[in-house]
Amino acid sequence: MACRISELVIDAAAPDRLAAFWSDVLGYVELEREADGSIEIGPPDAGFGGPQPTLVFSPTDTPRTGRLRLHIDVNATDRDQDAELERLLALGARPVDIGQTGTESWHVLADPEGNEFCLLRARLKPL
């Protein structure tokens, strides 16, 4: 038996703002709030331990420097890439240039705190 990813922990200057953004992006709900200000979000029907990892936004005062060493890729489940790009931009994502050529099949975006993520072209089946 191998391991599987259960949570991704992301440092955040404003955990509430990032939890709300990513909940809207992924269709997640708030699962838990810790005394230290951390907020865990996850799928509404499965929560922690389900087939998808939860996200934990952990408060930090340390500013991020440079590009992330890990980023999230997302795929639409109920619309094409162009329609999903419009939706993500309306939620507060913004395009980011990290040296793309312009011929990529994905879009590089940033969440409200500047964390890069990619919107891939393929549409996935919902879980």
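Buried means under 20% relative accessible area, exposed over 50%, and partly exposed in between, with a 1.4 Å probe and protein chains only. The model is predicted: local features need pLDDT of at least 70, side-chain atom pairs count only at pLDDT 80 or more, and totals for chains, interfaces and linings use all residues. Residues are numbered from 1 along each chain as its sequence is written, and side-chain values use heavy atoms, with hydrogens and water left out.

**Exercise 1. Classify Arg79 and Glu84 by accessibility and list their contacts.**

Step 1. Arg79 lies in the loop between β5 and α2; helices (H or I, at least four residues) and strands (E, at least two) are DSSP runs, numbered from the N terminus. The relative accessible area of Arg79 is 25%, so Arg79 is partly exposed.

Step 2. Glu84 lies in helix α2. Its relative accessible area is 6%, so Glu84 is buried.

Step 3. Contact means heavy atoms within 4.5 Å. Leaving aside neighbours within four places in sequence, Arg79 is in contact with Glu84, Arg87 and Arg123. Glu84 touches Ala76, Arg79 and Leu119, with residues up to four places away in sequence not counted.

Step 4. For a distance check, Arg79 and Asp97 are 18 residues apart in sequence and 24 Å apart in space, C-alpha to C-alpha.

**Exercise 2. Describe the packing of α1 and α2.**

Step 1. Two packed helices are described by the angle between their axes and the distance between the axes. Axes are lines fitted to C-alpha atoms, for helices over the stretch in contact, and angles run from 0 to 180 degrees between N-to-C directions.

Step 2. The axes of α1 (residues 15–26) and α2 (residues 81–91) come within 10 Å and cross at roughly 160°. The two helices are therefore roughly antiparallel to each other; angles under 35 degrees count as roughly parallel, over 145 as roughly antiparallel, 65 to 115 as roughly perpendicular and the rest as oblique.

Step 3. The crossing of α1 and α2 is right-handed, a term for the near helix being turned clockwise from the far one by less than a right angle.

Step 4. Phe21, Asp24 and Val25 of α1 make the contact with Arg87, Leu88 and Leu91 of α2. By class, this contact of α1 with α2 has 4 nonpolar, no polar and 2 charged residues. Here Ala, Val, Leu, Ile, Met, Phe, Trp, Tyr, Cys and Pro count as nonpolar, Asp, Glu, Lys and Arg as charged, and the others, Gly among them, as polar.

**Exercise 3. Trace the sheet that contains β1 to β4.**

Step 1. Two strands pair if DSSP finds at least two bridges between them. This open sheet of 4 strands has the order β1-β4-β3-β2, with mixed pairing. Its edge strands are β1 (7–12) and β2 (29–33), each pairing on one side only. Direction ignored, neighbouring strands of this sheet are turned by 25° against each other on average.

Step 2. β2 and β3 pair in the antiparallel sense over 4 bridges, with Arg33 opposite Ile39 in β3. The hairpin of β2 and β3 has 5 residues between the strands, and Gly37 in the turn has a positive phi of about 100°.

Step 3. β3 (residues 39–42) and β4 (residues 54–59) run antiparallel and are joined by 3 bridges. In β4, Val56 stands opposite Glu40 and Leu55 stands opposite Ile41.

Step 4. Both faces of β3 are covered: Ile39 and Ile41 on one side, and Glu40 and Gly42 on the other, are all buried. Helix α1 lies across β1, β2, β3 and β4, running at about 165° to β4.

**Exercise 4. Trace the sheet that contains β5 to β8.**

Step 1. Here 4 strands form an open sheet in the order β5-β8-β7-β6, and the pairing is mixed. β5 (72–74) and β6 stand at the edges with a single partner strand each, so one side of each is left without a neighbour in the sheet.

Step 2. β6 (residues 94–95) pairs with β7 (residues 107–110) in the antiparallel sense over 2 bridges. The bridge partner of Arg94 is Ala110, and that of Pro95 is Leu109.

Step 3. β7 and β8 (residues 116–119) run antiparallel and are joined by 4 bridges, with Cys118 as the bridge partner of Val108. Their hairpin has 5 residues between the strands, and Gly114 takes a positive phi near 90°.
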